[in-house]
Amino acid sequence: MNDTAIDYAAVFQALPGMVALLTPGLVYADANEEFLRVAGRKREQMIGRHLFEVFPDNPNDEGATGMRNLEASLRRVLATGERDAMALQRYDVESVERPGEWEERYWSPVNAPVHGPDGSVVLLVHRVEEVTELIRARGGRGAGGHGSQIDSRGRVLEAELYTRARELQELNERLRRAHAREREVALALQEAMLPARRQVGHHRAAVRYRPAVGALNVCGDWYDLVDLVGGNRIGVSVGDVVGHGLEAAGVMGQLRSALSAASRVAAGPAEALNVLGRYAHVVDGAESATAVTTFIDFDHHTITYSSAGHPPPVLVHADGRVEFLDQATDPPLDARPTPAPRPEACTSYDDGATLALYTDGLVERRREDIDTGVNRLADALARHRDADPETLADAVLLELLPPGGATDDTALVVVRL
């Protein structure tokens, strides 16, 4: 049986558990028959309506947290694009037969993303298992005093289970807040160490940096633009440190500063990366970091370049022809136990060409070869090549980044030649 012979709509409705589909705006797009049955709702009472319009918090319970916890979980899935399993929740439901009366209910929810072709989250799968009867179970039905003892033990177990679930939920929230604070500090450190937006001499250049979405995904992407000694030349570089958080941001700052200094005295980009590789060998956390650097000579209309395991810069000539600068690619920094001279290549250009350097957050997508993303970038650069660098950079980010933001940091440098 092939995929075309399967009625997935019928499969969805026949699923044995409670499953609903929500839009990114938390509006019900669909719900299977089991969900409708257990929730005690008709399809027309749910589809097209907001989740919390259908299932608000119990107004009689001042300590109700079900709605807040569920919304936080769904927002995390939208932001990270990853599955989120929730702790046991008490979430009361208003009786359909007796409006104004609320039934005490317990649920075990799991929320998962459905990704679109561009990697963005287009739907949320909301699967729920009701455990109300389990919570209410007292362990059995005995006779006389024995039943009372069992019932008492059941109440203790119920209270213990619910209390532990609440403690787990609160611990998770504290951990998320701690990670969020670390993200804020790392972003501030990252921004402080990256060079401010500026023009290099009289040349037109635009830089963009976009942090990853999600509280745990601050990474070590960086860029640099430096005036070079001798002639009308500048150096343009980008790099990527493996890892997340403050450590990655700190390593990023060290590598960027080292390459910036090396570029000012090196004979060419390969020599600058040789120096950086030796430095990375003694920096904890610099393992497998990548970088690419280009030396642009405006007097001779040449670009000399060298790459340490980084995606190739894209040169769009004035006539729209695209050239990938991929003829001098070597392993990442500190990849070899014994440093060896890195390769270097040179290409020429005419006035009006555009050079773009970037990190992999701009071109990588789930379940997609990176070459597809690189070609997508080249196409966007070629189509918008007549725009000024600032407008061009904004157009590229708009076309290539998912609507909800990328799950990896993104750095982009555009230089008009």
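Buried means under 20% relative accessible area, exposed means over 50%, and partly exposed lies in between, with a 1.4 Å probe and protein chains only. The model is predicted: local features need pLDDT of at least 70, side-chain atom pairs count only at pLDDT 80 or more, and totals for chains, interfaces and linings use all residues. Residues are numbered from 1 along each chain as its sequence is written, and side-chain values use heavy atoms, with hydrogens and water left out.

**View 1. Tyr28 and Phe35 form an aromatic pair.** Rings of Phe, Tyr and Trp (its six-membered ring) pair if their centres lie within 6.5 Å; planes under 30 degrees apart count as stacked, over 60 as edge-to-face and the rest as tilted. A search of the whole structure finds 2 aromatic pairs. In one, the ring centres of Tyr28 and Phe35 are 6.2 Å apart. Their planes stand at 65 degrees, so this pair is edge-to-face. Tyr28 is buried, at 2% relative accessible area. Phe35 is buried too, at 3%.

**View 2. Tyr28 also pairs with Phe55.** Here the ring centres are 6.4 Å apart and the planes are at 75 degrees, so the pair is edge-to-face. Tyr28 sits in strand β2 (residues 28-31), and Phe55 in the loop between α3 (51-54) and α4 (66-80). The pair therefore ties together parts that are 27 residues apart in sequence. Helices (H or I, at least four residues) and strands (E, at least two) are DSSP runs, numbered from the N terminus. Phe55 counts as buried at 10% relative accessibility. Ring pairs link Tyr28, Phe35 and Phe55 into a cluster.

**View 3. The largest cavity holds about 210 Å³ of space.** On a 1 Å grid over the protein atoms alone, a cavity is a set of points where a 1.4 Å probe fits but cannot get out; lining residues have an atom within 4 Å of a point. Grid points are joined across faces, edges and corners, and a volume is the space filled by probe spheres set on the points. The structure holds 3 cavities of 30 Å³ or more. The largest is lined by 15 residues, with Leu70, Tyr91, Trp107, His126 and Val128 closest to its centre. α2 (33-39), α4, β7 (106-115) and β8 (121-130) each give at least two residues to this lining. By class, the lining has 12 nonpolar, 3 polar and no charged residues. Ala, Val, Leu, Ile, Met, Phe, Trp, Tyr, Cys and Pro count as nonpolar, Asp, Glu, Lys and Arg as charged, and the others, Gly among them, as polar.

**View 4. The second largest cavity holds about 130 Å³ of space.** Its lining has 13 residues. Gly277, Asp334, Arg336, Pro339 and Arg342 lie nearest its centre. By class, 6 lining residues are nonpolar, 3 polar and 4 charged.

Technical notes:
On a 1 Å grid over the protein atoms alone, a cavity is a set of points where a 1.4 Å probe fits but cannot get out, and a pocket is an open set with protein on both sides within 12 Å along at least five of seven lines; lining residues have an atom within 4 Å of a point.
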